[in-house]
Amino acid sequence: MEWNESYNIGIDVIDHQHRQILDYINALEQILINGQRDKIREILDDLIDYTQSHFSFEENLLQQVFYQYLPSHKGIHELFVKRLNEYRHRFERGEAIENDLYRLLSKWLINHIQHDDQDYVNSVRENMLHYLQSQEKKKGKSWFSRFFK
Ligand SMILES: [Fe+2]
């Protein structure tokens, strides 16, 4: 799956994280092609960790700018993390889940970016950019790395 310009929401730090998730999805696809089942666990762990970090980063940002639909956006994230963990458990039980997971991920990510994330961009983008700028000034460019392992 290739990154498409239309996937950018116009907030660099978030676009960068979305692209990173896409890289994980592509890594999973590579595993499907090569049939390296032993590597699936590694990718699953990385993908789930990173996705959770991205969600908490995004939620924190949305909270700072008083996004009114944060509770439902958070709910969508939680549900998705739950589904990812279900896949992880099925994998641990020995099920071949990678094709299903790949389909879910690729559909979900793009859909989430273009609909759910686009919705907050439309209402709080300017405030988010201001907030990010002020944080960068105060704490330096990598202050947000505290959300990531
Ligand atoms: Fe989101």
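Of the contacts in the protein with a separation of 6 or more, 75% are made by residues 24 or more positions apart, a contact being defined by heavy atoms within 4.5 Å. The model is a predicted one, in which local features need pLDDT of at least 70 and side-chain atom pairs count only at pLDDT 80 or more, whereas totals for chains, interfaces and linings use all residues. Residues are numbered from 1 along each chain as its sequence is written, and side-chain values rest on heavy atoms, with hydrogens and water left out.

The secondary structure comprises 4 helices and 0 strands, where helices (H or I, at least four residues) and strands (E, at least two) are DSSP runs numbered from the N terminus; the order of the elements is accordingly α-α-α-α from the N terminus on. The radius of gyration is 16 Å, close to the 15 Å given by the globule rule for 149 residues, so the protein is as compact as a globular protein of that length. For this comparison the radius of gyration is taken over C-alpha atoms, and the globule rule is 2.2 Å times the number of residues to the power 0.38. The C-alpha trace spans about 45 × 30 × 25 Å along its principal axes. Buried residues account for 44% of the 149 residues, with buried meaning under 20% relative accessible area, exposed over 50%, and partly exposed in between (1.4 Å probe, protein chains only). The protein exposes about 8500 Å², of which carbon and sulfur atoms supply 47%; accessible areas come from the Shrake-Rupley method with a 1.4 Å probe, and for residues only the protein chains shown count as cover.

Helix 1 (residues 12–34) has 23 residues and reaches 33 Å from its first C-alpha to its last, close to the 33 Å expected at 1.5 Å a residue, the expected span being 1.5 Å times one less than the number of residues. The buried residues of helix 1, among them V13, H18, I21, I25 and L28, pack against helix 2 and helix 4. I21, at 5% relative accessibility, counts as buried, and, leaving aside neighbours within four places in sequence, I21 is in contact with L47, Y50, T51, H54 and L109. I25 counts as buried at 0% relative accessibility and touches M1, Y102, L105, S106 and L109, not counting residues up to four places away in sequence. The C-alpha atoms of I25 and L84, which are 59 residues apart along the chain, are separated by 12 Å. Helix 1 is followed by G35, whose phi is positive, near 65°.

In helix 2 (residues 40–64), the 25 residues should span 36 Å at 1.5 Å a residue, and the end C-alpha atoms are 36 Å apart, which agrees. Just after helix 2, F66 takes a positive phi of about 55°, a positive value in a residue other than glycine. Most residues other than glycine have a negative phi. F66 is placed in the loop between helix 2 and helix 3 and is exposed, with a relative accessible area of 74%.

Helix 4 (residues 98–139) has 42 residues, but its end C-alpha atoms are only 40 Å apart, short of the 62 Å that a straight helix would reach at 1.5 Å a residue. A kink of about 80° in helix 4 is centred on V124, the bend at a residue being the angle between axes fitted to the seven residues ending there and the seven starting there. E98, which is found in helix 4, counts as buried at 13% relative accessibility; apart from neighbours within four places in sequence, E98 is in contact with L28, L32, R37 and I40. Helix 4 is followed by G140, whose phi is positive, near 85°.

The iron ion is coordinated by E58 (OE), H73 (NE2), H77 (NE2), H112 (NE2) and D117 (OD), at 2.1 to 2.5 Å. Donors are N, O and S atoms within 2.8 Å of the metal (3.2 Å for Na, K and Ca), and, as water is not among the atoms, sites may look incomplete. The donor residues are spaced E-x14-H-x3-H-x34-H-x4-D in sequence. H77 lies in helix 3 (residues 70–92) and H112 in helix 4, so the pair ties together parts that are 35 residues apart in sequence. H77 and H112 are both buried.
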